[in-house]
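Please examine the sequence and the three-dimensional structure shown below.

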Amino acid sequence: MLDILRVRYVLFLKGVWQLQKLVVSYCDISGSSRGIRAFIESHLPAFKEGNPQLKVLAELNRGHHPYLKAFYRNNSERVVCVRNQETKEILLQATRLRNTLGNKVTKLRTRHFTHKPSVQGTWTTDLNF
């Protein structure tokens with residue numbers, strides 16, 4: 001049950017999907033875009049139907065490697081290169097972009113994170129009674 005709640009928290013923030021727009025950029029000539037061209041023909045229509053809250057655009061960008069660009073509600077964006085990837089891998093990357101909140105990854109300073117640190121201080125072995 002707790003795992004289901006975690007997944008729901010990742011997908012939504014206050015009941016709202018965080019991903020607003022997904023741009024699929026590809027080249028119609030290059031070999032590195034072969035997988036994404038097949039993705040656009042086979043998997044993209046079903047992905048659009050399954051996510052009506054999401055605006056999905058496909059743009060032709062000749063002479064460049066293919067990528068997925070995600071725009072989030074907090075005005076952040078993520079770019080994932082999908083050069084020489086198969087259609088299933090590209091679908092996995094698109095669903096990962098849909099499921100993330102769009103926040104930057106922050107490194108925690110300690111293994112234990114709390115909003116209310118201890119008033120007593122940290123424990124040491126050098127205590128004498």
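**From the sheet to the core**

In this predicted model, V24 stands opposite A58 in strand 4. Residues are numbered from 1 along each chain as its sequence is written. Because the model is predicted, local features need pLDDT of at least 70, side-chain atom pairs count only at pLDDT 80 or more, and totals for chains, interfaces and linings use all residues, while side-chain values use heavy atoms, with hydrogens and water left out.

Strands (E, at least two residues) and helices (H or I, at least four) are DSSP runs, numbered from the N terminus. Two strands are said to pair if DSSP finds at least two bridges between them. Strand 3 and strand 4 run parallel and are joined by six bridges. Strand 3 is also joined to strand 5 by six bridges, here in the antiparallel sense, and L19 stands opposite Y72 in strand 5. Strand 5 in turn pairs with strand 6, antiparallel, over five bridges; F71 stands opposite E77 in strand 6.

Together these strands make an open sheet of four strands in the order 4-3-5-6, with mixed pairing. Its edge strands are strand 4 (55-60) and strand 6 (77-81), each of which pairs on one side only. On average, neighbouring strands of the sheet are turned by 15° against each other, direction ignored. Such angles use axes that are lines fitted to C-alpha atoms, for helices over the stretch in contact; other angles run from 0 to 180 degrees between N-to-C directions.

Helix 2 touches strand 3, strand 4 and strand 5, and its direction makes about 125° with that of strand 3. Helix 4 touches strand 3, strand 5 and strand 6, and its direction makes about 15° with that of strand 5.

What lies inside? In soluble globular proteins, nonpolar side chains tend to be buried together. A nonpolar core is a set of buried Ala, Val, Leu, Ile, Met, Phe, Trp, Tyr and Cys residues joined through side-chain atoms within 4.5 Å. Buried means under 20% relative accessible area, exposed over 50%, and partly exposed in between (1.4 Å probe, protein chains only). The largest nonpolar core has 19 residues, and L22, I36, L68 and L97 have the most contacts inside it. Strand 3 (19-26), helix 2, helix 3 (44-50), strand 5 (67-72) and helix 4 (87-99) each supply at least two of its residues. The largest share, four residues, comes from strand 3. Strand 3 is itself mostly covered, with six of its eight residues buried. Not counting residues up to four places away in sequence, I36 touches V24, S25, Y26, P66, L68, V82 and I90.

Is S33 buried or exposed? This residue lies in the loop between strand 3 and helix 2, and S33 counts as buried because its relative accessibility is 0%. Beyond four places in sequence, S33 touches Y26, C27, H64 and P66. A38, by contrast, is found in helix 2 (residues 34-42) and counts as partly exposed because its relative accessibility is 31%. Leaving aside neighbours within four places in sequence, A38 is in contact with H43 and T87.

Finally, the charged end of K21 sits over the ring of F71, 4.8 Å from its centre; the criterion is NZ of Lys or CZ of Arg within 6 Å of the ring centre and within 35 degrees of the ring normal.

Key: Contact means heavy atoms within 4.5 Å.
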